[in-house]
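Subject: Structure handover

Hello,

Here is the structure I said I would pass on.

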Amino acid sequence: MKILVLGAGVLGCNLARNLFRAGRDVTLLARGAWGEQIRQNGLRIKDRFRPRVSVTRVPTVTELDPAVAYDVIFVAVRYTQIETVLDALRASRASHIVFVGNNVRTSELAARLPGKNVLFAFALSAGHRVRDRVASVDLRKITIGPLAGAPSCEALVGQIFDGTKYKVVYEPDMGDYLLCHAAFVLPAAFACYRTDGNLKKLRGNTAYLNRMIDANIEGYRAIRNAGHEILPKADQEFEGAAYRKTCLRFFRLLCATGLGRLCVSDHAMNAVDEMCALNRDLKAFFDEHGAEYPVWQELEAEAGRYLT
């Protein structure tokens with residue numbers, strides 16, 4: 001199986017490294033000075049919880065050549081950059097296209113790639129680039145699958161990840177999963193913008209953290225009331241006290257430790273365009289279905305100049 005990872009940000013670099021080290025035939029598409037750095041010195045990743053920088057000699061290219069017969073293309077670019085690669089994906093010989101990362105317009109995107117088997121994935125990987133390397137927290141867990149009603153791709157997913165160190169969660173309704181993920185992560189992005197990227201400013205601010213949870217619940221309620229499933233299933237009792245307690249504990253941890261920077265604010269501050277686009281499109285979904293989301297709108301307003 002020949003695999004291309006299109007995009008050399010944190011997600012793409014970790015994915016390419018992990019698959020390559022498991023013996024997969026993987027190529028990484030990386031452009032510009034960063035791509036040249038990888039070609040000359042290898043893909044260098046410093047994992048948060050490991051003492052040394054890993055160096056992996058992943059083969060790289062600068063363009064998606066339509067003549068090359070890739071079986072699977074993982075598209076690991078920002079939500080706002082997807083439009084720029086669609087023509088190349090349509091022209092490619094790959095049968096299977098997997099979009100990795102945030103997305104709330106999955107059905108529309110799949111429809112724009114006729115003849116392709118389109119899947120979506122979300123990997124638990126975060127971090128930022130530092131000079132010649134990626135500084136990363138990579139939990140090696142990926143949730144992946146097609147849209148609801150599509151034929152099962154479980155065998156394909158198993159073939160791709162068998163023998164890797166990934167914990168793979170197969171999800172047959174990635175459209176609803178990613179809608180819910182956006183409803184969870186955007187209030188955290190608003191908090192990053194309110195504090196100019198320093199979540200430690202919210203340490204001890206239980207009132208604000210509870211408002212973040214209120215906004216998340218508004219989003220989940222809108223998604224459920226529009227006829228979609230709340231995913232993961234562990235979040236389906238989102239209006240209960242246990243859910244609020246779990247979320248509050250999680251947000252307190254992010255605000256009290258460096259994990260808040262690596263797991264949330266690094267991406268939010270370096271991908272303001274993506275968060276703005278996700279917020280715009282998710283609010284359009286809310287409005288289309290007549291949802292009310294006043295706390296969400298308050299937090300958005302408090303984010304100030306970032307979301308203008």
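This is a predicted model: local features need pLDDT of at least 70, side-chain atom pairs count only at pLDDT 80 or more; totals for chains, interfaces and linings use all residues.

Arg261 counts as partly exposed because its relative accessibility is 40%; buried here means under 20% relative accessible area, exposed over 50%, and partly exposed in between, with a 1.4 Å probe and protein chains only. Asp266, at a relative accessible area of 10%, is therefore buried. The two form a salt bridge, with the closest N and O atoms 3.5 Å apart.

Residues are numbered from 1 along each chain as its sequence is written, and side-chain values use heavy atoms, with hydrogens and water left out.

Salt bridges

The count comes to 23 salt bridges, a salt bridge being a side-chain nitrogen of Lys or Arg within 4 Å of a carboxyl oxygen of Asp or Glu. One of them pairs the side chains of Arg17 and Asp138 at 3.5 Å, N to O. That pair links distant parts of the chain, 121 residues apart: Arg17 is in helix α1 (residues 10-21) and Asp138 in strand β9 (residues 133-145). Helices (H or I, at least four residues) and strands (E, at least two) are DSSP runs, numbered from the N terminus. Both Arg17 and Asp138 are buried.

Nonpolar cores

A nonpolar core is a set of buried Ala, Val, Leu, Ile, Met, Phe, Trp, Tyr and Cys residues joined through side-chain atoms within 4.5 Å. The largest has 73 residues, and those touching the most other members are Leu6, Ile73, Leu89, Phe99, Tyr193 and Leu282. Helix α6 gives the largest share of this core, 14 residues. Apart from it lies another core, of 33 residues, including Trp34 and Tyr166.

Second largest pocket

The volume is about 340 Å³, taken as the space filled by probe spheres set on grid points joined across faces, edges and corners. On a 1 Å grid over the protein atoms alone, a pocket is an open set of points where a 1.4 Å probe fits, with protein on both sides within 12 Å along at least five of seven lines; lining residues have an atom within 4 Å of a point. Of the 17 lining residues, Val104, Arg105, Ser107, Leu179 and Phe285 lie nearest the centre. Helix α10 supplies the largest share of the lining, four residues.

Regards
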